[in-house]
Structure formats: structure tokens, C-alpha cells
Amino acid sequence: RSSLKQIPLFVAALALTSAVLAASPNQAVSLFGYLPLIAAVVGVAVLAAVIISNRPASASDMPAEFEQGSDYLRLRYPQPTSTPGSIEIVEVFSYLDPDSYQLAPLIQRWAREQNHRVELVRVPFTLGEQHHNYAKAYYTARALCTTESIHGALLDTIHLSNHKPESEDQLAEFFNDHGIDPAVFRNTFNASTTLTSVRKAQLLLKGYGVEAAPAIIVNGTYLVTETLSGSQTRLLETLDYLIAQKC
């Protein structure tokens, strides 16, 4: 492709040669006398095109490289997955974290584009008292089969409406606004199965070595974060790379 850029230069050289011939007072002289000059011009143009077309690729031309230890980390102790038959992508999120809010739709769209090669699993961040009730709220919504409607709405409420329903009463009111009876919410929110789910999430985070959200765990083996990647776009590219390597 680069050699094509030299065609105008080649044409200009030939035009200049023709002009010299046309301006020559000895026009009766045979054109064969000018063949060496024309051959030289053609040779220089071809050589320049070859050199340029074979130049080393610039940094922008090179495919992005992904390195363990800089773009992603291998877990010291890989963890078992819960999605046999597909590559498990665990999205560790926090309802309170702006980066989790921004990454959520991107990682969901990315997962849909994988043609069923991956299974997206959400795990709420549970470390810290302020995250405890939100983790319970997530597993409450999942138990009531309302995750898709509640999850996004709760994120929007916190980050767009600047309202944080943190207490059980506030969350009961929020769920009621989305069609869940407060009594049903409270029973599920405080059920032993919900508390067990939260404890399992805590154990998962400990096994992954995750201390902040958002974080992505690939097939129980690799940790990818925006801090490592430098951007959410690079994070998704890193996931593409790991998937291509079949993890």
C-alpha cells in the first residue's frame, strides 16, 4: 500500500523527463539516446517503492501485545468455575463504584457478542460494611427472579439520581417501587439462603484475591482490571486476547 503512494512521484519524474525532451533543441536526435535516463528514473522510483513497502511496521501498525503481570494477572490459586462447557467471566461489581457502573453495560454487550462461548456471572463486592446490604439486595433480586429489572435500576438510582438506598427500609421501599411487596422483600432479604450467598461471594473474592471493584475473573484463572489495563477499552481487548488463547 505504501508503494502506491510513490506513483505520483514516478509520474512526475516521467513528466519532467518528457518536458526536458520537448524543450531540447536537438529534437531530431533519436529517443533511444534518452533510454538510459528514463531507465534510471524508473529504477529509482521502483527502488523507493520497494524500500518503503518493506519498512518495519510502526508502533501504530503493530498488533497490541498483552503481557501477564502488566495487562492481566494469573491467580496464584486458580478457582473452580460454575459454568462447565463455557468460559466463565466473573464480573465483580460494586453498586457504589462509578467504574463498575460504567463497565456494566460494556461487559454485558461484550459477553453477548461472544456467541455463547462465555458465561457472564456477576459477583457483588462484599468487603466492607457499606457493601453488605447491597450484596444482600443483589441476591434478593436474584432469588425473586427480578435481577434484570432491579440490578440496572439500582445502579441508575445511585449514579444518576444520586440516591443511595442503603438501609433495609430504604431498599424495601426501592423494591416496592419496582413491584416487589415489602414483606416479600424483607423475608428474602433476611433469608438464610441470601446470607449464604453473600458468604459464598466473600469466599470467592478472597480466593480471587480481589480487594476492589470492578474486577474481571476469566475462567477462574486470570484477573483483569481497569487499573492494570489502563482503560475499559483495553480491558475488553485483554479479555478478547485471553479468550483467543482459550485461557
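This is a guided tour of a predicted model, stop by stop.

**Whole chain**

The secondary structure comes to 10 helices and five strands. Among contacts with a separation of 6 or more, 73% are between residues 24 or more positions apart.

Now colour by pLDDT. The chain averages 83, and 74% of the residues score at least 70. Select residues 1-23: here the pLDDT is below 50, and the stretch has 20 contacts beyond near neighbours in sequence. Then select residues 56-63. This segment also stays under 50, with two contacts beyond four places in sequence. Where pLDDT is low, the predicted coordinates should not be read in detail.

**The largest nonpolar core**

Next, show the side chains of Val92, Tyr95, Phe175 and Val210. Within the largest nonpolar core, which has 37 residues, these four touch the most other members. Which elements each supply at least two residues of this core? On the strand side, select S2 (87-93), S3 (118-124) and S4 (215-218). On the helix side, select H4 (129-143), H5 (147-159), H6 (168-177), H7 (182-189) and H8 (192-208). H4 gives the most, with six residues.

Zoom in on Phe175. Leaving aside neighbours within four places in sequence, Phe175 is in contact with Ala137, Thr140, Ala141, Ile150, Ile180 and Phe185. As background, nonpolar side chains tend to be buried together in soluble globular proteins.

**Helix H3**

Select H3, residues 98-112. Begin at its N-terminal end. Asp97 caps the helix there, with a side-chain oxygen 3.0 Å from the backbone nitrogen of Asp99.

Move along to Ala104. H3 bends by about 30 degrees at this residue, and a proline, Pro105, follows within four residues.

Now show the buried residues of H3: Ser100, Leu103, Ala104, Ile107, Trp110 and Ala111. An α-helix has 3.6 residues a turn, so residues three or four places apart point the same way. The buried residues of H3 pack against S2, S3, H5, S4 and helix H10 (232-244).

Go to Asn115, in the loop between H3 and S3. Its phi is positive, about 55 degrees, although Asn115 is not a glycine. Is Asn115 buried or exposed? At 62% relative accessibility, Asn115 counts as exposed.

Jump to Asn219, in the loop between S4 and strand S5 (222-224). This is another residue other than glycine with a positive phi, near 55 degrees. Asn219 is partly exposed, with a relative accessible area of 22%.

Then select Ala213 and Pro214. A cis peptide bond joins them, with omega about 5 degrees. Pro214 lies in the loop between H8 and S4.

**Helix H10**

Finish on H10, and select Arg234 in this helix. Arg234 counts as buried because its relative accessibility is 19%, and the cut-off is under 20%.

Which residues surround it, leaving aside neighbours within four places in sequence? Thr238 is in contact with Phe66, Asp71, Tyr72, Val224 and Ser229.

Note on methods. Residues are numbered from 1 along each chain as its sequence is written. This is a predicted model: local features need pLDDT of at least 70, side-chain atom pairs count only at pLDDT 80 or more; totals for chains, interfaces and linings use all residues. Side-chain values use heavy atoms; hydrogens and water are left out. pLDDT is the predictor's confidence in each residue, from 0 to 100. Contact means heavy atoms within 4.5 Å. A nonpolar core is a set of buried Ala, Val, Leu, Ile, Met, Phe, Trp, Tyr and Cys residues joined through side-chain atoms within 4.5 Å. Buried means under 20% relative accessible area, exposed over 50%, partly exposed in between (1.4 Å probe, protein chains only). The bend at a residue is the angle between axes fitted to the seven residues ending there and the seven starting there. A polar contact is a pair of N or O atoms within 3.5 Å; within protein, one must be able to donate a hydrogen and the other to accept it, and residues adjacent in sequence count only if both atoms are side-chain atoms.
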